[in-house]
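Me: I would like to go through the labels attached to this model and check each one against its criterion. Please show the entry.

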Amino acid sequence: MQWNKPKSVRQIGEAPGRDRVYIEDYVVRFAKELAGQGRGPEKAAMLLGSTFLNNGEKIYQISGVVEIPGFAGRSGPVLDQGVWDRIYTEIKENFTDLEIVGWFFSCRGFSAKQAPQLLEIHKQNFQHRDKVLYLYEENEKEDSFFLYRNGRFEKQKGYYVYYEKNPEMLAYIERESNRRVHIVEQEDDRVLRNIRGIMEEKEQVRVQSRKKQKRESRLGYSLGSMVALIALVIGVATLRNQSALDQVKRQVENLQQMATGVQKENQTMVETMGSGLTKATPTPAPASTAAVSGNAMN
(Lines give C-alpha, C1' and ligand atoms only; values in the text may rest on other atoms or scores of the structure.)
Protein backbone atom coordinates (compact mmCIF):
# COMPACT_ATOMS: atom_id res chain seq x y z
CA MET A 1 0.00 0.00 0.00
CA GLN A 2 1.34 3.39 -0.98
CA TRP A 3 2.03 5.87 1.78
CA ASN A 4 0.69 9.38 1.55
CA LYS A 5 2.72 11.69 3.74
CA PRO A 6 0.60 13.94 5.99
CA LYS A 7 0.56 17.56 4.94
CA SER A 8 0.84 19.20 8.37
CA VAL A 9 3.76 17.69 10.29
CA ARG A 10 5.88 18.79 13.26
CA GLN A 11 9.21 17.13 13.96
CA ILE A 12 10.08 16.26 17.58
CA GLY A 13 13.79 15.72 18.23
CA GLU A 14 16.20 14.62 15.53
CA ALA A 15 15.06 12.78 12.44
CA PRO A 16 16.18 9.13 12.60
CA GLY A 17 18.34 7.60 9.92
CA ARG A 18 15.93 4.74 9.20
CA ASP A 19 12.32 3.91 10.04
CA ARG A 20 10.08 6.73 11.05
CA VAL A 21 7.18 7.17 13.45
CA TYR A 22 4.29 9.50 12.65
CA ILE A 23 1.68 9.92 15.38
CA GLU A 24 -1.53 11.91 15.10
CA ASP A 25 -2.01 14.79 17.54
CA TYR A 26 -5.25 13.43 19.06
CA VAL A 27 -3.47 10.17 19.90
CA VAL A 28 -0.72 12.04 21.73
CA ARG A 29 -3.29 14.06 23.67
CA PHE A 30 -5.28 11.00 24.67
CA ALA A 31 -2.16 9.08 25.75
CA LYS A 32 -0.92 11.91 27.95
CA GLU A 33 -4.36 12.46 29.45
CA LEU A 34 -4.50 8.73 30.22
CA ALA A 35 -1.10 8.99 31.92
CA GLY A 36 -2.31 11.86 34.09
CA GLN A 37 -5.28 9.99 35.48
CA GLY A 38 -4.99 8.77 39.08
CA ARG A 39 -5.97 5.17 38.47
CA GLY A 40 -2.76 3.43 39.40
CA PRO A 41 0.95 4.11 38.88
CA GLU A 42 1.05 2.40 35.44
CA LYS A 43 -1.17 2.93 32.40
CA ALA A 44 -1.00 1.31 29.00
CA ALA A 45 -2.78 1.37 25.65
CA MET A 46 -2.62 -0.20 22.23
CA LEU A 47 -1.46 2.02 19.37
CA LEU A 48 -3.45 1.59 16.18
CA GLY A 49 -2.57 2.56 12.63
CA SER A 50 -0.81 1.25 9.55
CA THR A 51 2.73 0.43 8.41
CA PHE A 52 4.25 1.34 5.05
CA LEU A 53 7.47 0.84 3.16
CA ASN A 54 8.73 4.03 1.56
CA ASN A 55 12.12 4.22 -0.16
CA GLY A 56 13.51 1.44 2.01
CA GLU A 57 12.20 2.98 5.21
CA LYS A 58 9.47 1.49 7.34
CA ILE A 59 6.84 4.05 8.27
CA TYR A 60 4.67 3.64 11.40
CA GLN A 61 1.67 5.90 11.06
CA ILE A 62 -0.38 5.94 14.31
CA SER A 63 -3.90 7.35 14.16
CA GLY A 64 -5.77 5.53 16.94
CA VAL A 65 -5.40 4.28 20.50
CA VAL A 66 -7.42 2.16 22.96
CA GLU A 67 -6.64 1.72 26.63
CA ILE A 68 -5.50 -1.66 27.90
CA PRO A 69 -7.98 -2.40 30.72
CA GLY A 70 -6.64 -3.49 34.10
CA PHE A 71 -3.01 -3.20 33.04
CA ALA A 72 -1.71 -2.13 36.47
CA GLY A 73 -3.42 -5.11 38.13
CA ARG A 74 -2.01 -7.76 35.80
CA SER A 75 -0.48 -10.87 37.38
CA GLY A 76 2.38 -11.20 34.89
CA PRO A 77 3.75 -10.00 31.56
CA VAL A 78 1.14 -11.85 29.49
CA LEU A 79 -2.22 -10.14 28.96
CA ASP A 80 -5.00 -12.69 29.49
CA GLN A 81 -7.60 -13.54 26.89
CA GLY A 82 -10.29 -11.48 28.58
CA VAL A 83 -8.16 -8.35 28.23
CA TRP A 84 -7.47 -9.07 24.57
CA ASP A 85 -11.18 -9.61 23.91
CA ARG A 86 -11.99 -6.20 25.35
CA ILE A 87 -9.20 -4.57 23.33
CA TYR A 88 -10.44 -6.05 20.06
CA THR A 89 -14.03 -5.12 20.91
CA GLU A 90 -12.97 -1.49 21.42
CA ILE A 91 -11.06 -1.50 18.14
CA LYS A 92 -13.99 -3.00 16.21
CA GLU A 93 -16.52 -0.55 17.68
CA ASN A 94 -14.46 2.62 17.32
CA PHE A 95 -11.92 2.21 14.53
CA THR A 96 -12.00 0.75 11.03
CA ASP A 97 -9.14 -0.42 8.81
CA LEU A 98 -6.61 -0.01 11.64
CA GLU A 99 -4.31 -2.61 13.12
CA ILE A 100 -2.14 -2.78 16.20
CA VAL A 101 1.24 -1.24 15.40
CA GLY A 102 2.58 -0.90 18.92
CA TRP A 103 1.73 0.04 22.48
CA PHE A 104 1.91 2.93 24.92
CA PHE A 105 3.24 2.75 28.47
CA SER A 106 3.37 5.46 31.13
CA CYS A 107 4.50 5.53 34.73
CA ARG A 108 5.77 7.84 37.42
CA GLY A 109 9.50 7.74 38.01
CA PHE A 110 10.61 5.32 35.30
CA SER A 111 13.84 3.52 36.16
CA ALA A 112 16.31 1.39 34.20
CA LYS A 113 15.12 -1.66 36.16
CA GLN A 114 11.77 -1.49 34.38
CA ALA A 115 13.30 -1.77 30.89
CA PRO A 116 13.68 -5.60 31.00
CA GLN A 117 10.08 -5.90 32.24
CA LEU A 118 8.78 -3.83 29.33
CA LEU A 119 10.84 -5.87 26.90
CA GLU A 120 9.36 -9.07 28.34
CA ILE A 121 5.82 -7.70 28.00
CA HIS A 122 6.60 -6.79 24.40
CA LYS A 123 7.95 -10.26 23.56
CA GLN A 124 5.16 -12.16 25.31
CA ASN A 125 2.23 -10.26 23.77
CA PHE A 126 3.27 -9.56 20.19
CA GLN A 127 3.89 -12.48 17.86
CA HIS A 128 5.28 -10.06 15.32
CA ARG A 129 7.62 -8.09 17.48
CA ASP A 130 8.33 -5.32 14.99
CA LYS A 131 6.07 -3.01 16.98
CA VAL A 132 6.80 0.37 18.50
CA LEU A 133 6.81 1.30 22.17
CA TYR A 134 5.70 4.81 23.06
CA LEU A 135 7.07 5.58 26.53
CA TYR A 136 5.94 8.54 28.63
CA GLU A 137 7.49 9.47 31.97
CA GLU A 138 4.82 11.39 33.83
CA ASN A 139 6.94 13.17 36.43
CA GLU A 140 9.36 14.66 33.92
CA LYS A 141 6.73 14.97 31.15
CA GLU A 142 9.14 13.36 28.69
CA ASP A 143 8.19 10.95 25.93
CA SER A 144 10.15 8.85 23.44
CA PHE A 145 9.72 6.02 20.95
CA PHE A 146 11.48 2.67 20.87
CA LEU A 147 11.71 0.13 18.05
CA TYR A 148 12.33 -3.56 18.57
CA ARG A 149 15.53 -4.70 16.86
CA ASN A 150 17.73 -7.75 17.41
CA GLY A 151 16.00 -8.77 20.64
CA ARG A 152 16.14 -5.36 22.33
CA PHE A 153 14.63 -1.89 22.29
CA GLU A 154 16.36 0.81 20.29
CA LYS A 155 15.46 4.38 21.15
CA GLN A 156 14.48 6.66 18.28
CA LYS A 157 16.22 10.01 18.14
CA GLY A 158 13.02 11.72 17.08
CA TYR A 159 9.50 11.31 15.74
CA TYR A 160 6.79 13.29 13.93
CA VAL A 161 3.45 14.63 15.08
CA TYR A 162 0.97 15.21 12.28
CA TYR A 163 -2.34 17.07 12.18
CA GLU A 164 -5.33 16.13 10.06
CA LYS A 165 -8.99 15.33 10.37
CA ASN A 166 -9.45 12.25 12.51
CA PRO A 167 -13.19 11.84 13.24
CA GLU A 168 -12.86 8.32 14.62
CA MET A 169 -10.26 9.32 17.19
CA LEU A 170 -12.17 12.47 18.10
CA ALA A 171 -15.39 10.47 18.63
CA TYR A 172 -13.48 7.92 20.75
CA ILE A 173 -12.02 10.67 22.92
CA GLU A 174 -15.46 12.16 23.45
CA ARG A 175 -16.96 8.78 24.40
CA GLU A 176 -14.10 8.04 26.75
CA SER A 177 -14.37 11.49 28.31
CA ASN A 178 -18.09 10.99 28.93
CA ARG A 179 -17.44 7.55 30.36
CA ARG A 180 -14.75 8.89 32.66
CA VAL A 181 -17.01 11.75 33.75
CA HIS A 182 -19.63 9.13 34.64
CA ILE A 183 -17.00 7.14 36.54
CA VAL A 184 -15.89 10.31 38.36
CA GLU A 185 -19.52 11.09 39.23
CA GLN A 186 -19.92 7.57 40.60
CA GLU A 187 -16.72 8.03 42.60
CA ASP A 188 -18.02 11.37 43.88
CA ASP A 189 -21.31 9.71 44.86
CA ARG A 190 -19.39 6.97 46.64
CA VAL A 191 -17.27 9.56 48.47
CA LEU A 192 -20.41 11.51 49.43
CA ARG A 193 -22.04 8.33 50.70
CA ASN A 194 -18.94 7.58 52.75
CA ILE A 195 -18.95 11.13 54.12
CA ARG A 196 -22.64 10.87 54.98
CA GLY A 197 -21.98 7.53 56.66
CA ILE A 198 -19.16 9.03 58.70
CA MET A 199 -21.32 12.00 59.68
CA GLU A 200 -24.17 9.68 60.69
CA GLU A 201 -21.78 7.59 62.78
CA LYS A 202 -20.45 10.72 64.46
CA GLU A 203 -24.02 11.91 65.11
CA GLN A 204 -24.87 8.54 66.66
CA VAL A 205 -21.77 8.81 68.84
CA ARG A 206 -22.82 12.31 69.92
CA VAL A 207 -26.37 11.12 70.70
CA GLN A 208 -25.05 8.19 72.71
CA SER A 209 -22.64 10.51 74.49
CA ARG A 210 -25.48 12.90 75.38
CA LYS A 211 -27.61 9.99 76.63
CA LYS A 212 -24.70 8.75 78.70
CA GLN A 213 -24.15 12.23 80.15
CA LYS A 214 -27.85 12.44 81.01
CA ARG A 215 -27.75 9.03 82.70
CA GLU A 216 -24.64 10.02 84.63
CA SER A 217 -26.26 13.34 85.53
CA ARG A 218 -29.41 11.58 86.78
CA LEU A 219 -27.28 9.11 88.70
CA GLY A 220 -25.22 11.93 90.19
CA TYR A 221 -28.40 13.81 91.11
CA SER A 222 -29.86 10.68 92.69
CA LEU A 223 -26.68 10.03 94.65
CA GLY A 224 -26.59 13.66 95.72
CA SER A 225 -30.21 13.48 96.80
CA MET A 226 -29.54 10.31 98.76
CA VAL A 227 -26.53 11.88 100.45
CA ALA A 228 -28.58 14.97 101.31
CA LEU A 229 -31.40 12.80 102.67
CA ILE A 230 -28.99 10.79 104.76
CA ALA A 231 -27.46 14.00 106.10
CA LEU A 232 -30.93 15.32 106.87
CA VAL A 233 -31.88 12.15 108.73
CA ILE A 234 -28.64 12.23 110.67
CA GLY A 235 -29.19 15.89 111.43
CA VAL A 236 -32.75 15.28 112.61
CA ALA A 237 -31.59 12.39 114.72
CA THR A 238 -28.84 14.54 116.15
CA LEU A 239 -31.31 17.34 116.85
CA ARG A 240 -33.65 14.89 118.48
CA ASN A 241 -30.86 13.49 120.61
CA GLN A 242 -29.74 16.98 121.49
CA SER A 243 -33.31 17.89 122.38
CA ALA A 244 -33.57 14.82 124.57
CA LEU A 245 -30.28 15.69 126.24
CA ASP A 246 -31.45 19.24 126.78
CA GLN A 247 -34.68 17.96 128.24
CA VAL A 248 -32.81 15.65 130.66
CA LYS A 249 -30.50 18.48 131.55
CA ARG A 250 -33.46 20.74 132.29
CA GLN A 251 -35.05 18.04 134.46
CA VAL A 252 -31.82 17.61 136.44
CA GLU A 253 -31.54 21.36 136.93
CA ASN A 254 -35.17 21.48 138.15
CA LEU A 255 -34.48 18.71 140.66
CA GLN A 256 -31.40 20.54 141.85
CA GLN A 257 -33.36 23.75 142.19
CA MET A 258 -36.11 21.96 144.13
CA ALA A 259 -33.56 20.39 146.44
CA THR A 260 -31.86 23.75 147.03
CA GLY A 261 -35.19 25.39 147.86
CA VAL A 262 -36.05 22.81 150.51
CA GLN A 263 -32.67 23.18 152.16
CA LYS A 264 -33.09 26.95 152.36
CA GLU A 265 -36.46 26.63 154.05
CA ASN A 266 -35.09 24.20 156.68
CA GLN A 267 -31.78 25.98 157.18
CA THR A 268 -30.24 25.30 160.72
CA MET A 269 -27.94 27.68 162.60
CA VAL A 270 -25.06 25.73 164.17
CA GLU A 271 -22.98 27.13 167.09
CA THR A 272 -19.80 25.56 168.34
CA MET A 273 -19.49 25.23 172.12
CA GLY A 274 -16.43 24.77 174.17
CA SER A 275 -17.38 21.30 175.18
CA GLY A 276 -17.26 20.27 171.54
CA LEU A 277 -20.98 19.64 171.54
CA THR A 278 -23.21 21.32 169.11
CA LYS A 279 -26.44 22.91 170.17
CA ALA A 280 -29.10 23.40 167.77
CA THR A 281 -30.95 26.64 168.02
CA PRO A 282 -34.60 26.09 167.34
CA THR A 283 -36.27 28.06 164.64
CA PRO A 284 -38.04 31.12 166.14
CA ALA A 285 -41.76 30.70 166.58
CA PRO A 286 -44.27 33.01 165.01
CA ALA A 287 -45.04 36.34 166.75
CA SER A 288 -48.46 35.27 167.95
CA THR A 289 -47.01 32.33 169.76
CA ALA A 290 -44.36 34.49 171.46
CA ALA A 291 -46.99 36.89 172.73
CA VAL A 292 -49.04 34.15 174.26
CA SER A 293 -46.00 32.77 175.99
CA GLY A 294 -45.11 36.22 177.42
CA ASN A 295 -48.56 36.71 178.89
CA ALA A 296 -48.38 33.34 180.52
CA MET A 297 -45.09 34.19 182.24
CA ASN A 298 -46.46 37.34 183.57
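Reply: Contact means heavy atoms within 4.5 Å. In this predicted model, residues 24 or more positions apart account for 70% of the contacts with a separation of 6 or more. The chain has five helices and 11 strands, and 30% of its 298 residues count as buried.

Me: Why is Tyr 22 called buried?

Reply: Its relative accessibility is 1%, and buried means under 20%. Tyr 22 therefore counts as buried. Its place is in strand β2. Leaving aside neighbours within four places in sequence, Tyr 22 is in contact with residues including Trp 3, Val 9, Ile 59, Ile 62 and Tyr 160.

Me: What makes Tyr 22 and Tyr 160 an aromatic pair that is stacked?

Reply: Two values settle the label. The ring centres are 4.6 Å apart, and rings pair if their centres lie within 6.5 Å. The planes are 15 degrees apart, and planes under 30 degrees apart count as stacked. Tyr 22 lies in β2 (residues 20-24) and Tyr 160 in β9 (residues 158-163), so the pair ties together parts that are 138 residues apart in sequence. Both residues are buried.

Me: Why is the pair of Phe 104 and Tyr 134 called tilted?

Reply: The centre-to-centre value is 5.3 Å, and the limit for a pair is 6.5 Å. The angle between the planes is 55 degrees; under 30 would be stacked and over 60 edge-to-face, with the rest tilted. The pair of Phe 104 and Tyr 134 is therefore tilted. Phe 104 is in strand β5 (residues 99-107) and Tyr 134 in strand β6 (residues 132-137), 30 residues apart. Both Phe 104 and Tyr 134 are buried. Ring pairs also link these two with Phe 145 and Tyr 159 into a cluster.

Me: How do you know that the charged end of Arg 74 sits over the ring of Phe 71?

Reply: That charged end is 4.1 Å from the centre of the Phe 71 ring. The criterion asks for CZ of Arg within 6 Å of the ring centre and within 35 degrees of the ring normal.

Me: Which residues touch the most other members of the largest nonpolar core?

Reply: This core has 50 residues, and those with the most partners in it are Ile 23, Met 46, Leu 47, Ile 62, Trp 103, Phe 104 and Tyr 134. Apart from it lies another core, of six residues, among them Trp 3, Tyr 22, Phe 52 and Ile 59.

Technical notes:
Residues are numbered from 1 along each chain as its sequence is written. This is a predicted model: local features need pLDDT of at least 70, side-chain atom pairs count only at pLDDT 80 or more; totals for chains, interfaces and linings use all residues. Side-chain values use heavy atoms; hydrogens and water are left out. Rings of Phe, Tyr and Trp (its six-membered ring) pair if their centres lie within 6.5 Å; planes under 30 degrees apart count as stacked, over 60 as edge-to-face and the rest as tilted. Helices (H or I, at least four residues) and strands (E, at least two) are DSSP runs, numbered from the N terminus. Buried means under 20% relative accessible area, exposed over 50%, partly exposed in between (1.4 Å probe, protein chains only). A nonpolar core is a set of buried Ala, Val, Leu, Ile, Met, Phe, Trp, Tyr and Cys residues joined through side-chain atoms within 4.5 Å.
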